[in-house]
Amino acid sequence: MSRPTTRSKNKRQRPDDSDGSSSRILRKIHLSGEITQDDIHHLYSIWKPVCEGCRVNSKDSPNCFCGFIPPPNGARKLGLWQKMSDIVLALGPDSCKDLRSPANSPAGLTNLGATCYANSIVQCLYMNTSFRSGVFSVEPDLLKHHPVLDQLARLFAQLHSSEMAFIDSAPFIKTLELDNGVQQDSHEFLTLFLSLLERSLSDSKVCNARTIVQDIFRGRVSHVTRCSMCGKDSEASSTLEDFYELELNIKGFNNLDESLEDYLSVEELHGENQYFCESCGKRVDATRYIKLRSLPSVLNFQLKRCVFLPKTTTKKKITSAFSFPRQLNMTRRLCDHSQSELIYDLSAILIHKGTAVNSGHYVAHIKDEWDGHWWEFDDEHVSKLGIHPFGEGSSSSTAKSVTIVQPACSQQLGSVANGNHINIPSPDISIGNCEEIFSSTDAYMLMYTHRDGKENRGKLVPGNSKDVLPFHLLKEIEELNASYVSACQDYQIKKEREVQNIMERRQEVRLLLSEAPVQSLEEPFFWISTDWLRQWADVVTPPTIDNTPIQCLHGRVPFSKVGTMKRVSNKAWCKLLSKYGGGPELTSEDYCIDCLKDGAKTTVCIDDYRDRRASMKELAEAALAGTCLGGNLYYISKAWLFQWIRRKNIDSSCIADSGPTASLRCPHGELLPEQAVGAKRLLVPQILWLFLCESSTVVKAEDPFGCSPFPMDSETCALCNNELTQVACLEDSLRAAKIKQRQNHEKLFLGKSIPLSPGSRYYLLPSSWLSKWRTYITSSGKNVSSSVEPDCLDAILVSLKCDKHSRLIERPLDLTCKRGVIVQRTSATDGLTIITESDWKCFCEEWKVPEGKGIYAEIYYSGTTNKLIGSSEEMLLLESDLDPSVDEVNGELESKQPIIKTNPEICDDCIGERESSELMRKLNYSDKDISVFLVRGKEAPRSVLEASVTASEFDRRTSKRSRRTSGGNTINLKVSGSTSIYQLKMMIWESFGVVKENQKLYKGSREIEGESATLADMNIFPGDFLWATDSEIHENRDIADELSEQKMEFQEAEEGFRGTLLTSNLLFQSLTQG
């Protein structure tokens, strides 16, 4: 069963013309001058029925109103009928979406570019209720003198009581004078920020506020040095030093317990590191360790994930998993611990996402002190994680993190893992009968809060939250919330109005289009522009009615514009006119009779021209076939007539109809000889000639010579005949000269090798000139005079000698000796080619060159002394050399290398300078292609090695596509002579995914080593074919990390927070102390 065709499914049907044709009606009007009502109905398509259900609006019917609006479930990309969601989106951002929901959830902070490090630290400080209360208790007078503290209080107040889901952090960042486009270290920011707050709060009159930083974050340690001989501690061992965080090594350690053991471990001082003991009075062995004297309420652990690599002088992030407990017992860590246990609960985790040190993204996981639930703070986005720090069943932030619950007692508890997080047992840290440990590859800072047993934890946003805010902050927050609520209400009102307006407009369009069709021919109606009607039905705010495009010059409706207008009812027109105004009114009686008569005349002329042209085309085809030779005949261009026949039927003459004899007319105004270029002709009947001449005159009346008549008995131009005869004679003589040269130099012309023998005189000519000469004498047919003649041989010989030494600046091609026969290698472009003495004499005669200007050459073998023929010295021949056997001669010749001796001699100095400059030119390339083949295996295929050894061609075109073969992949790379090997390896890394440390590059069998050298240094040219292997020694990593580290290497010394308010006070103190 054949498949039904759908090729013409969507094609628009041709206009219905069941009454006959419009042209028949127009011809009748043109002949009789009478116009009936039926004629008007037909020509204006009024008789056509009202359409229903068309897919598109029909231009052929003024009664079709389909397609102005989409179907009931359809929509458009723009205008009145686009999706309602898109219309609402065009109103601007919806402020209601920024509402904090639920109301007691934390708020986020905007990221201004690269300020995530500051946002995460601020959230950690804010979520500490004690620190937050201390900031709120600062007196307003102090805030006026400390802008950073003032902005922090305002930011905390907005995080606390604002109704917005995220707060703008720009004022706070701007006050600190931070560069929002530079990523910084969050640990360094916290250290400097706490120091700045401590100095700012030192002037506060509120006791709790003045020492809030020290009370919460400060602990104390001492560095103890003990003599191994006398057992006494140094005097500095009793000195207490403040700390706000403990920096722990994690390289080589698996968990927090091991890192703490390393931090508090004993260091042996001996050898060159011996300690000078005051009691012993000499340098002695000693021990050194750290003692924890007191611990803060919030204990911060800085995990040192950034390490320095001496080999590469770069920094690298440690991404190994690190474990830490939910509950931490620090009792035994303190040197003088009290009876009560020092229990700390995990309260915040600062996470650094990414593998590079100088880039990435910071997020904070913080526990709410009120209900114990964890929240993830990712700039503007805040999400609830549940009772686990990494979320219940979540794998978003730390995909490699695990969480396991393991009982410490003998009883096994069920696993409480979720998603990617598992609990694992702790080797040392335990609380009660059960311990809970978390592991993360991205944890950067851990915050633990001391469990003091007091029920002093406040809600994140208390039920009467505004009471805890100071009055000046409370008033400001109320004003901000009021403006925010007002913006939400204004947006809602704007949205409702816009939606209502859209719905009313859509209903108006549907109703009016249903009333627009005119149901009978007798009913009065109005004409309206289709373009305006389509615009009215598709825009929210329509313009005034504009019917001028469908008017003729007489101010009426021409029948020629029936496809651009619609016929609407009196009711629909009155509604449109009363609401939108405009015009002009074009009623059912506004037919333009004048345009109708003119159109009828034009149509008749078009039909007559088509009929005449069709009959003339038959005569033209007969003329081309040579079957129409009766009566008076005229010459026209054969090519012109062929193109005239091929053109499709047109309504009138066009510019292509001009000049049927233009190519036959010579400059003297007469008939051009037929053997001239483009003068092929044929004879056509007089009736066809008159039609063509008439058409040409209509379109190009100002060119009388384009249609010059040439009857059959016209004579060709005598002057042009003579010129063509002279040209033919010159071509014949040139053809004979070329044939003679081919005969004189038969072997040289055919490119056959000439057997050479020592002692004979030869001559040298440039191979490039001989190649052009062969091409020149080869063309001896019709285009004998069009071939390019080689340069003057005399000038070529002069150019072969240097101006400085008058020696040759070109070398002869190498010689080879096989089976006792010496021949020269061939080349079409390079070097000098040996020719015989007879060939040289013929060239001298043919190209008018004196024989004495030739370049002599003689063949001799290496190891023999010889002079050019004609020199004053004689060549000594031994008697044994006069009659050697054939085998002896062949053996001796095979063992010796034939050499060419020239006169004048070769100038090695000038050739060396030229080759050196040429090499520099080739190496000084830019944006050229080289090919790199990645070998999948231990050895490269033979074809790859051969392609890599082959000399490169400087301007060779290469494919831009990567090609895959069974042995590997090939890619074309855009490089320059100044491109370094390092940059090339980075391109290969990006293309093939092979890290640069694993790449081994080769050109042929030569390995390309090093990374600092350029391609020019390694003699790598455009078009070269390199191949590479993957050693797979080093592990794969992201290329973005390498690019980030590379960028930082080229920058100046790391600025950090220099130039900000975080360091300005430190600089001032150092200057004043100095």
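Here are some friendly questions and answers on how the terms for this predicted model are decided.

The model is predicted, so local features need pLDDT of at least 70 and side-chain atom pairs count only at pLDDT 80 or more, while totals for chains, interfaces and linings use all residues. Residues are numbered from 1 along each chain as its sequence is written, and side-chain values use heavy atoms, with hydrogens and water left out.

Q: Why is Cys227 called buried?
A: Buried means under 20% relative accessible area, exposed means over 50%, and partly exposed lies in between (1.4 Å probe, protein chains only). Cys227 has 3% relative accessibility, so Cys227 counts as buried.

Q: Where is Cys227, and what is it in contact with beyond its neighbours within four places in sequence?
A: Cys227 sits in strand β3 (residues 219–227); strands are DSSP runs of E with at least two residues, helices are runs of H or I with at least four, and both are numbered from the N terminus. Contact means heavy atoms within 4.5 Å, and leaving those neighbours aside, Cys227 touches Lys232, Cys277, Cys280, Val284, Asp285 and Ala286.

Q: What makes Cys605 partly exposed?
A: Its relative accessibility is 46%, so Cys605 falls in the partly exposed class.

Q: Is Cys817 buried or exposed?
A: Cys817 has a relative accessible area of 13%, so Cys817 is buried.

Q: How many disulfides are there?
A: A disulfide is a pair of cysteine sulfur atoms within 2.5 Å. By this rule the count is zero.

Q: Why are α7 and α9 called roughly perpendicular?
A: Axes are lines fitted to C-alpha atoms, for helices over the stretch in contact, and angles run from 0 to 180 degrees between N-to-C directions. Under 35 degrees is roughly parallel, over 145 roughly antiparallel, 65 to 115 roughly perpendicular, and the rest oblique. Helix α7 (residues 147–161) and helix α9 (residues 186–201) cross at roughly 105°, their axes coming within 9 Å, and therefore α7 and α9 are roughly perpendicular to each other.

Q: Which residues make that contact?
A: Val148, Leu149 and Leu152 of α7 meet Phe193, Leu196, Leu197, Ser200 and Leu201 of α9.

Q: What makes α16 oblique to α18?
A: Helix α16 (residues 593–625) and helix α18 (residues 686–699) pack at an angle of about 130°, with axes 10 Å apart. That angle makes α16 oblique to α18.

Q: How much of the protein is buried?
A: Buried residues make up 43% of the 1074 residues in the protein.
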